[in-house]
Amino acid sequence: MAGRIRDEDVKRVREAARIEDVVGEHLQLRNAGGGNLKGLCPFHDEKSPSFNVSPAKGFYHCFGCQEGGDVLDFVQKVEHLTFSETVERLAAQYGIELRYEEGGYNPGRQQGRRTRLVEAHKAAAAFFAEQLGSAEAIAARQFLADRGFTQADAEHFGIGYAPAGWEALVRFLRGRGFTAEELLTGGLASEGRRGPMDRFRGRLVWPIRDIGGDVIGFGARRLREDDTGPKYLNTPETPIYKKSQVLYGLDLAKKDIARTGRAVIVEGYTDVMACHLAGVTGAIATCGTSFGAEHIKILRRLLMDSDGFRGEVIYTFDGDAAGQKAALRAFEEDQRFVTRTFVAVEPSGMDPCDLRQARGDQAVRDLVDTRVPLFEFAIRSRIEGHDLTTAEGRVAALDAAAPIVADIRDQALRHTYAVRLDSWLGFLDERFVVGRVAQLARWKRERAAAGDARTPGAQAAARPPDGGAPAHQRGFRPNPRDPRQMVQREVLKLALQYPALVARVFDSYGIDEFTVPPYAAVRTAIGAAGGVNGRAVQADWIAAVREVAADDTVRALVTELAVEPVRTPGVPDDFYAGDCLVRLRTFSADARIADVKSRLHRLDPTAAPDEYAATFQELMDLEKYRRSLIDSGAAAL
């Protein structure tokens, strides 16, 4: 049975491990006055720091969750260790040799499981690093050289090579006194038919360290074509390695993150290396999993992510569709931060490693410096792919982007991005867009309270009535308060009942000028019947239009318009018909002017000066034509 660590050795460890240094490895501490320090508690989520450390007394206490104790208590709780493992961990860190009550110091027998697993990983890392210089590792060295990394870079990050044999690491570690059970438990070996075999074989290996610098796992890159395993193979979940709580490079980046208040999240091991070597020393990466809630908790503590202090978290993603999808996933988690969050995407799609190799260190630093807010990136990603030159495209883009804006929890920020969304889409109707977002946000709150997470669109799709019918079959009735709809209806009545009054110009009016779908269907039928020009016999004319109507619904509307009285006392004349035609054309001009203004608003005059000038001239021509309609009336048609 393991002996008890001598009390005097425990005391030496407690005295050597300064509580502010040990706690400072896990969270950022700031001056709280009176010689005390404070930070965000690692034992519960909080927005304002309530975790206090007293270096003079050697104790900590959280006024939020009431956790407290000395340096040994802190390490034991934050790393989930036994008391003996805690003392052994700190003793190794501070170079103190421990003695045990029964038989003195015997690491192979006395150390706790975590300590043994960490020691095994430390020995494995040294073994892999030595193997990188072997003749067999030429492909591994070439992989690094092809990406601009030197031997010194490999040594700095502890990169190694796992030999292709089945038991190279197993034999090495067994020779160092580690048991087969320890190798299997730590994920260094897998169970084979003849006993433990190496988990990593013929691969380039990165050691993965915890925040304190202990090696707790490995990430391995495939090198050979005959290797049928995954491109990257990571250590499985073990007692010391939890991928949801591990960030590669954090041991190197933590001081810079705390000092600058900025963390840069990249996608791979080589990206972390490239960033650090380029001077972006706050770069970190997840290990075989997406960036999640547990990772956020770790960063919040290092950034002191509280209401009183706001740092920056910058995500870098590839410029392809997968990268955009990753950014949208990050958006879903982002609001756990108080800190401002950004996205940095290289326009040509290069990741930091490729960018450094192609353009040098400065290009990596510039990539990070030219970041954009994550909210903006997520919204613009939803807008992309929609044709913003058409009203339909802008509405579709609004429907796609509005849920993103509505999900922003900060009300002031949500309003700000709703205003920006109007600008990006070119609606030029700020109240409409802000109202649309506010309505959706309110709807989401109400549905969440009712337990229905479906979007309004999903609910509408679930309703059985006529959602799949053509627009002109959906029981549409005109809005009597909308002058645009009423003038379209009036012109169609004139074309059916008094074709001679509009014969001169009606056929030049396009279907797109009838913006109400049922009216556009009637305009299409009139064109299919040969057009208004030359029609003199009413009965034959209306029958001809009914004959070519798309369906019974359109035929019924043709009949309705043919018998509904015109909205003028007595018999309509040329003046009334001309006034209706001018008003319809004026509304059409207004719509075209709005479209061109929207397009002009989205153009950058410095990036596309010729296109901007042509669009501006088009706007001037349309404005001139609209004025002529108002000034000259039907004569301008």
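1. Two strands count as paired if DSSP finds at least two bridges between them. Helices (H or I, at least four residues) and strands (E, at least two) are DSSP runs, numbered from the N terminus. With that in hand, take strand 7 and strand 8: they form a hairpin with 2 residues between them. Strand 7 covers residues 189–192 and strand 8 covers residues 195–198; they run antiparallel and are joined by 4 bridges. Ala189 has Asp198 in strand 8 as its bridge partner.

2. Some ground rules. This is a predicted model, where local features need pLDDT of at least 70 and side-chain atom pairs count only at pLDDT 80 or more, while totals for chains, interfaces and linings use all residues. Residues are numbered from 1 along each chain as its sequence is written, and side-chain values use heavy atoms, with hydrogens and water left out.

3. The overall picture. The protein chain has 28 helices and 17 strands. Of its 637 residues, 47% are buried, meaning under 20% relative accessible area with a 1.4 Å probe and protein chains only (exposed is over 50%, partly exposed in between). A contact means heavy atoms within 4.5 Å. Among contacts with a separation of 6 or more, 65% are between residues 24 or more positions apart.

4. Strand 2 (residues 36–39) and strand 3 (residues 51–54) are joined by 3 bridges. Lys38 stands opposite Asn52 in strand 3.

5. Strand 10 and its partners. Is strand 10 (residues 215–222) enclosed or open? It is largely enclosed by the rest of the structure, because 7 of its 8 residues are buried. Strand 9 (residues 203–209) pairs with strand 10 in the antiparallel sense over 7 bridges. Trp206 has Gly219 in strand 10 as its bridge partner. Strand 9 and strand 10 form a hairpin with 5 residues between them, and Gly213 in the turn has a positive phi of about 100 degrees. Strand 10 is also joined by 3 bridges to strand 11 (residues 232–234), again antiparallel. There, Arg221 is partnered with Tyr232 in strand 11.

6. The largest pocket. On a 1 Å grid over the protein atoms alone, a pocket is an open set of points with protein on both sides within 12 Å along at least five of seven lines; a cavity is a set where a 1.4 Å probe fits but cannot get out; lining residues have an atom within 4 Å of a point. Points are joined across faces, edges and corners, and a volume is the space filled by probe spheres set on them. The largest pocket holds about 1300 Å³. It is lined by 35 residues, and the closest to its centre are Ala391, Arg484, Thr515, Ala591 and Asp595. Helix 18 (391–406), helix 22 (483–497), helix 27 (574–602) and helix 28 (609–632) each supply at least two lining residues. Helix 27 gives the largest share, 12 residues. The lining has 16 nonpolar, 7 polar and 12 charged residues. Here Ala, Val, Leu, Ile, Met, Phe, Trp, Tyr, Cys and Pro count as nonpolar, Asp, Glu, Lys and Arg as charged, and the others, Gly among them, as polar.

7. The second largest pocket. Its volume is about 920 Å³. Among its 31 lining residues, Val78, Glu79, His80, Gln245 and Arg301 are the closest to the centre. Helix 6 (113–131) and helix 13 (293–303) each supply at least two. Helix 13 gives the most, with 5 residues. By class, the lining divides into 14 nonpolar, 4 polar and 13 charged.

8. Helix 4 (residues 83–94) supplies the largest share, 3 residues.
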